[in-house]
Amino acid sequence: MVDSQYYLPNDIGISKLDCREAFLLLSPQEKMYSHYLSRAAWYGGLVVLLQTSPESANIFVLLQRIFRKQKPEQLEQVAAEAGLNSEEYTAFLVYAAGVYANMGNYKSFGDTKFIPNLPKEKLKALVWASQAFQEQPAEMQALWDSCSHLLYSLEDRQKQLGLGDKGITTYFSGNCCLEDAELTQKFLDSKKLSAYNTRLFKRDNGGKTSYEVRLASAVLKDCAVEGECSSCCGSFTFEDKEFTVKRGDYAPLMEKVCHYLQQAEAYAANDNQKKMLEEYRRSFTFGSVEAHKEGSRYWIKDKGPIVESYIGFIESYRDPFGSRGEFEGFVAVVNKAMSERFASLVSSAEVLLPELPWPREFEKDTFLKPDFTSLDVLTFAGSGIPAGINIPNYDDIRQSEGFKNVSLGNVLAVAHATQKEKLTFLQEEDKDLFIKWKGPSFEVQVGLHELLGHGSGKLFVQDDKGKFNFDKSKVINPETGEEVSSWYQDSETWDSKFSTIASSYEECRAECVGLYLCLNKQVLSIFGHEAQDAEDVVYINWLSMVRAGLLGLEFYTPESKSWRQAHMQARFVILRVLLEAGEGLVGLEEVTGPDGNPDARITLDRSRIRTVGKNAIHRFLCKLQVLKSTADVEGGRALYDKYSTVSDTGAHNFLRLRETVLLRKEARKLFVQANTRINGDSVELVEYEGSQAGLINSFTERFQDDAEQLEADLLEMSKNDAACWC
């Protein structure tokens, strides 16, 4: 009997991401622009297969070949004849949908592996009976042989993503450990190179260790090529180790991305969009993060576009070291009514920022008013879809040039819809209120989290000329009462300095800002909440956070004492802080459920939120910011690790509570997205139903133009590095 956390349940929620209304309001030019950007995003999104696990690309191709020949409804009869019952066939469809939605066989939220919930011999029988196998038996058998073992394997190391013996990663070759990652980060810093678009391969050359840093690019040559002044590639010696910087990772996919970005350029609305796309193309052609940064600068200048997009190696959550970006690309249409509320929040930002609990010197010198829009997603390619985004992630740009915030409205609309009977760990009397206000309160939290969470706070930096961006003789650390004694050097970034805890720590800081500022009546009023409704929104926002902290235990691995999901670790930390505040603010008790199994009950005293709760978050948030501003890695780690610890001692047995959470967990929803296609001189929206079949069909039709070449390229890229993961 396989532990249920390693497969997706047959009744998993699958929702259609509806963007029809928004798409139909676009002009013909905007539709063309959206179409080509979407194509670039979808092809780029396939990179994630190669960034996730050694077997992901092969599994993807196996599924594509089966479903290109027979749609799920046609395959059903074949499955029955091959001996699968209806539960087993549904389990196969759910697995396929899961691989497509996560772009690989590890959950994008939580990083655990999932395997098909049917016997291996049954799945093999179905593959053998499929039309794809009948037409190409040798190729299909070779494909099955290349991935079937890992497809089902649940050896300890393969249960989750991680570095070295802690898990599986394809950002690093299988022989790399944390020390290799740290040494390489120092090397990259010395060369002023970003790790965002790289992978690391360690080689043993006759007893001498060497490292290959591989950049994602369409160009394969390492020398400077046309359109480039110089190349960062070459061989270098650093701390007695050989380093080679090479190009050409994911080259066929990068080429496709560049091709479609060039097509989109013809339909750009203005010069900023054109220049942005030119720079993105330069980035993906040559493997240049500097070009991507330049494109991001034009993107920030493109204020209030009707069609919003971003593409590249963006979020570093899944790199075990925390500095390599997973590829993602999104295309979305502005929701004007909701965006007006966010614009009001931006206008109030300069009044709200001084409310935050750190001294003025720890805040940016000037608040660079960002675009903040609510978007309906047309395309979101990558491993998963967030509810809100604050980008770019480049510290130097965010600190001095600005950023943009987006809230994804049609994702919010379906992501948090839940049935009362599936609401775990709450008192009965809280459930109706929770269902009523969960959506509106999350909207407020996302707005504050993205704009004033990720958008706030200053990093103290000394540049390469020795100049400081703060007055070293006057700024006092409020935690010690002494002058600031640490800061970032010119080439250091938040991610490179705080590495493995950077993502979760920053999410925790942003979540705390949301909790803290949602108590502000002006903020609640901007979102249309007054009087009792406003108080209910505050209560449910805080209750959601406390509950999320408990649910976060699902994403903790006791064997390796590690967290697999940045946001959920952050929420657990906040739960610990609020429990520690005492005075009856938060209650957490273990009980027996109506079904006779272990359960838990969370309570929150709403009368103490504005006193006990606010004071606790005030103190904790100030500490988080001061440690971040001053690059105090040691202090930051000590604080964050203390609250992240999951043990069976103390007032609450969190290891036992984790078992209860796993027993009662609800699987995360999968989303079905539309496709666009050109018909004559117009663009059509092709929609699919919110089901396993709908999700599967959307993917087979998405890549039908060049399916065979694309699949051959994926298999070739996978095969080229196969020996590196052992």
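Select helix α18, residues 494-517, and find E507 within it. The model you are looking at is predicted.

**E507.** Show its surroundings. E507 has a relative accessible area of 5%. That is under the 20% cut-off, so E507 is buried. Now display the residues it touches beyond four places in sequence: Y317, H449, H454, A566, H567 and A570. Keep H449 and H454 on screen.

**H454.** Center on H454 next. This residue sits in the loop that links α17 (428-453) to β11 (461-462). Is H454 buried or exposed? Its relative accessibility is 10%, so H454 counts as buried. Show its contacts, again skipping residues up to four places away: N390, R398, H449, E506, E507, R509 and A510. Then pick out E506. The side chains of H454 and E506 are joined by a polar contact of 2.8 Å.

**A helix pair.** Move on to α11 (residues 251-265) and α26 (residues 707-720). Their axes lie 9 Å apart, and the helices pack at an angle of about 140 degrees. The two are therefore oblique to each other. Which residues of α11 meet α26? Select A251, P252 and L253. On the α26 side, select L710, D713, L714 and M717. Color this contact by residue type: six residues are nonpolar, one is charged and none is polar.

Technical notes:
Residues numbered from 1 in each chain as written. Predicted model: local features only at pLDDT ≥ 70, side-chain atom pairs only at ≥ 80, totals over all residues. Heavy atoms only, no water. Axes fitted to C-alpha atoms, helices over the stretch in contact; angles between N-to-C directions. Helix = DSSP H or I, 4+ residues; strand = E, 2+ residues; numbered from the N terminus. Parallel < 35°, antiparallel > 145°, perpendicular 65-115°, else oblique. Contact = heavy atoms within 4.5 Å. Nonpolar A, V, L, I, M, F, W, Y, C, P; charged D, E, K, R; others polar. Buried < 20%, exposed > 50% of the residue type's maximum accessible area, 1.4 Å probe, protein only. Polar contact = N/O pair within 3.5 Å; in protein donor to acceptor, adjacent residues only side chain to side chain.
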